[in-house]
Amino acid sequence: MTRRRTTSAPRIKGLILVPLLLFLDVPGKGQSGRRAPRSEPRSSSAVTPGTEEIDGARKVGNENSNHKLGRPVRLLVARQVTKKRLPSETTIYASFIRRLNEFTNVSGASIGDLKRQQAILRARGETESIVVLVQFEIDNFQEGSLVLNSPDLEVKYFIFEPGTGQEKAKGKGYYQAIGGAGMRKDNWPNGPRIKITVEAAGIEAADRVHDWLLVAEMNLPQN
């Protein structure tokens, strides 16, 4: 009886061990033909950069790749506000000037509230400084519908040549307030961009002015 117990013990352990190895999927000596399953690649948890981050990176890249003015340029910036004088107009205007002063060899200074004809006359009286007019209009007609008491704005800019007052460039964008009508659709790049923060609206307009300065640098008045 003692001999039977001694010889059967290893067999019983072996019978228990093999199913256990199969259950745990641990390769044993008798499983040399089995291949370990390939581990699936982990999905990246990186957040896709938003439009604002991409635009910001593009502008920094331009500055670092010599896409900057080679000589100083001074801009005199006026504004034409709406009858409502919304607080967003003041913030966009300040953001516009602040952004201009971030560019290499560009300085922008506020000259207060002017209408278009006044801005032209001011440019005619200048010998070197370029006059830029930032004009605000209430965006109360969107996608074919009239929006009453709209907080949204059209942000326009006009660039006037010193000495002549000639309009050299113009453009516009939209500021769409969060919680506003929000009916207008952003059709960029086939149309002006829509920004949902006041700071972004000012930055967008300033970037467009800077792009024009880069193109027109050779034609700017000499110091």
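**Close-up views of a predicted model**

**View 1. Arg85 lies in the loop between strand S1 and helix H3.** Helices (H or I, at least four residues) and strands (E, at least two) are DSSP runs, numbered from the N terminus. This is a predicted model, so local features need pLDDT of at least 70 and side-chain atom pairs count only at pLDDT 80 or more, while totals for chains, interfaces and linings use all residues. Residues are numbered from 1 along each chain as its sequence is written, and side-chain values use heavy atoms, with hydrogens and water left out. Arg85 is not a glycine, yet has a positive phi of about 50 degrees. Arg85 counts as exposed because its relative accessibility is 53%; exposed means over 50% relative accessible area, buried under 20% and partly exposed in between (1.4 Å probe, protein chains only).

**View 2. Lys83 also has its place in the loop between S1 (73-80) and H3.** With 88% relative accessibility, Lys83 counts as exposed. Its C-alpha is 9.7 Å from that of Phe136, 53 residues apart in sequence.

**View 3. Here is helix H3, residues 87-100.** Its 14 residues reach 21 Å from first C-alpha to last, close to the expected 20 Å, which is 1.5 Å times one less than the number of residues. Among its buried residues are Ile92, Tyr93, Phe96 and Leu100.

**View 4. Asn149 sits in the loop between S5 (145-146) and S6 (153-160).** Asn149, not a glycine either, has a positive phi of about 55 degrees. Asn149 is exposed, at 69% relative accessible area.

**View 5. The charged end of Arg116 sits over the ring of Phe158.** The distance to the ring centre is 5.0 Å; the rule asks for NZ of Lys or CZ of Arg within 6 Å of the centre and within 35 degrees of the ring normal.
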